[in-house]
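Hello,

Here is the structure I promised to pass on. Please have a look at it first, and then read my notes below.

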Amino acid sequence: MVTTVGIVPPPVHSAKEFLAYETECRSALKPLLDNLIDMAESAGWSRRATASTLMFLAAQHLSGSSAAPADSGS
């Protein structure tokens, strides 16, 4: 089951404006992340486990290991 978390607004600053771009990205994603963590908690997952898992998945994504397993149903 996929539940919408929200809409990510586009950046106003260019990636070349690194600090402003990164700050803007954090501001855009924070409410969405807060909502996702709240949804996970409502489903029975602890906030700590959810945050830890999100950090793991983000690191995995950056390392290029984000390929879905063959049996994931995707």
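Of the 74 residues in the protein chain, 8% count as buried, where buried means under 20% relative accessible area, exposed means over 50%, and partly exposed lies in between (1.4 Å probe, protein chains only). Please keep in mind that this is a predicted model, in which local features need pLDDT of at least 70 and side-chain atom pairs count only at pLDDT 80 or more, while totals for chains, interfaces and linings use all residues. Residues are numbered from 1 along each chain as its sequence is written, and side-chain values use heavy atoms, with hydrogens and water left out.

The accessible surface of the chain is about 6300 Å², and carbon and sulfur atoms account for 64% of that; the areas come from the Shrake-Rupley method with a 1.4 Å probe, and for residues only the protein chains shown count as cover.

On secondary structure, the chain has 2 helices and 0 strands. Helices (H or I, at least four residues) and strands (E, at least two) are DSSP runs, numbered from the N terminus. H2 has 17 residues and should span 24 Å at 1.5 Å a residue, which agrees with its end C-alpha atoms being 24 Å apart; the expected span is 1.5 Å times one less than the number of residues. Just after H2, Gly 64 has a positive phi of about 85 degrees.

Now to the packing. The axes of H1 (residues 18–42) and H2 come within 9 Å and cross at roughly 130 degrees. Axes here are lines fitted to C-alpha atoms, for helices over the stretch in contact, and angles run from 0 to 180 degrees between N-to-C directions. That makes H1 oblique to H2, since angles under 35 degrees count as roughly parallel, over 145 as roughly antiparallel, 65 to 115 as roughly perpendicular and the rest as oblique. From H1, the contact (heavy atoms within 4.5 Å) is made by Leu 33, Leu 36, Ile 37, Asp 38, Ala 40 and Glu 41, and from H2 by Arg 47, Thr 50 and Leu 54.

Thr 50 deserves a look of its own. This residue sits in H2 (residues 47–63) and is buried, with a relative accessible area of 10%. Beyond its neighbours within four places in sequence, Thr 50 is in contact with Ile 37, Ala 40 and Trp 45. Thr 50 and Leu 36 are 14 residues apart in sequence, with 8.9 Å between their C-alpha atoms.

Finally, the segment before H1. Gly 6 lies there and is partly exposed at 41% relative accessibility; its C-alpha is 9.3 Å from that of Leu 36, 30 residues away in sequence. Ile 7 is also in that segment and is exposed, at 75%.

Best wishes
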